[in-house]
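Thank you all for coming. I would like to walk you through one model this morning, beginning with the conventions and then moving from the overall fold to a few local details.

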Amino acid sequence: MNPILSAFYTILYQPLFNALVLVYLYLPGHDFGLAVILLTLVIRTALYPLGVQAIRSQKTLAQLQPKMKEIQEKFKNNKEQQSRAMMELYQKEKINPFSGCLPMIVQLPILIGLYQVFWKGFGEAQMSFLYGVVPNPGLINTSFLGIMDLSQASIFLAVLTGAAQFFQSKMMTAKQVKSKGPTDMSQMMQKQMLYLFPIFTVFILWKLPAAVALYWLTTTLFTIVQQYIILKKNQA
């Protein structure tokens, strides 16, 4: 096996596969959908500090929009000076403009790993990836509450996830400070992403196993609650 592929299976696929099987085994009722949701909540709880950092960074950047607008206007004919002034502003406010992307960067490998888990399924060949301490569950029923097969694509879950993604983005942009004057490029990009990213989410999940959409939906709902708690705490 290719060394990179082997590392992927060892670091991501196998731990996620074993964790999901364990949750499924010991969850009352052995509902696969509930097992996916519970595993997602465990992962999101482990990444909670990163999420807090990202939300606070996004909020700070939103509050700095007027100052950023002033810098862009002041040095509109000198991109080098504009970049330098922006970096000085970030250093003064002690923020990293890219920290908001960190949770997404961390989550992407996890999402790919879970996609492989759901895509490959839970046949006899996959059971060879079980650790010695994890019992073989035999046949795994991939239904969710007895009404949806999560091994198949679900347009309903894909659209629901896209709607949740839109609400999450809208929730954050609603907190941004509106700057006076014409809309700058960053504001235009944010407005476009508000609509494009949910559409892109639906497009991606359209053909994937519904378990991936359920993971994504649970992650988005968790982030919405996390944003609400942090933003409300900052307003108090």
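Let me start with how the elements are named: helices (H or I, at least four residues) and strands (E, at least two) are DSSP runs, numbered from the N terminus. With that convention, Ser-143 is found in strand 1, which covers residues 143-144. Please keep in mind that this is a predicted model, in which local features need pLDDT of at least 70 and side-chain atom pairs count only at pLDDT 80 or more, while totals for chains, interfaces and linings use all residues. Residues are numbered from 1 along each chain as its sequence is written, and side-chain values use heavy atoms, with hydrogens and water left out.

Now the overall picture. The protein chain has nine helices and two strands, and along the sequence these follow the pattern α-α-α-α-α-α-β-β-α-α-α. Of the 236 residues in the protein chain, 46% are buried, where buried means under 20% relative accessible area, exposed means over 50%, and partly exposed lies in between, with a 1.4 Å probe and protein chains only. If we take contacts, meaning heavy atoms within 4.5 Å, then among those in the protein chain with a separation of 6 or more, 78% are between residues 24 or more positions apart. The accessible surface of the protein chain, from the Shrake-Rupley method with a 1.4 Å probe, where for residues only the protein chains shown count as cover, comes to about 13700 Å², and 66% of that belongs to carbon and sulfur atoms.

Let me return to Ser-143, and ask which residues it is in contact with once its neighbours within four places in sequence are left aside. They are Asp-31, Phe-32, Gly-33, Met-148 and Asp-149, and Ser-143 itself is buried, with a relative accessible area of 18%. In the loop between strand 1 and strand 2, the latter being 148-149, we find Leu-145, which has a positive phi of about 60° although it is not a glycine, and which is exposed at a relative accessible area of 54%.

A second residue of this kind is His-30, which is not a glycine either and has a positive phi of about 50°. His-30 lies in the loop between helix 1 (3-26) and helix 2, and with a relative accessible area of 41% it is partly exposed.

The buried residues of helix 2 are Phe-32, Gly-33, Ala-35, Val-36, Leu-39, Thr-40, Ile-43 and Arg-44. They cover an arc of only 165° around the axis, which puts them on the same side of helix 2, the arc being that of the directions from the helix axis to the C-beta atoms.

Turning to helix 5, residues 79-93, the 15 residues should again span 21 Å at 1.5 Å a residue, and the end C-alpha atoms are 21 Å apart, in agreement. Here Gln-82, Ala-85, Met-86, Leu-89 and Tyr-90 are buried. These cover an arc of only 140° around the axis, which puts them on the same side of helix 5. The face turned away from that buried side carries the exposed residues Glu-80, Gln-91 and Lys-92, and helix 5 is followed by Lys-94, whose phi is positive, near 55°.

How far apart are the closest N and O atoms in the salt bridge that Glu-80 forms with Arg-84? They are 3.1 Å apart, where a salt bridge is a side-chain nitrogen of Lys or Arg within 4 Å of a carboxyl oxygen of Asp or Glu, and by this rule the count comes to one. Both Glu-80 and Arg-84 lie in helix 5, four residues apart, about one turn of the helix. Glu-80 is exposed at 56% relative accessible area, whereas Arg-84, at 37% relative accessibility, counts as partly exposed.

Finally, helix 9 (residues 210-235) contains Gln-227, which counts as buried at 2% relative accessibility. Gln-227 and Met-171 are 56 residues apart in sequence, and 8.2 Å apart in space, C-alpha to C-alpha.

Key:
The expected span of a helix is 1.5 Å times one less than its number of residues.
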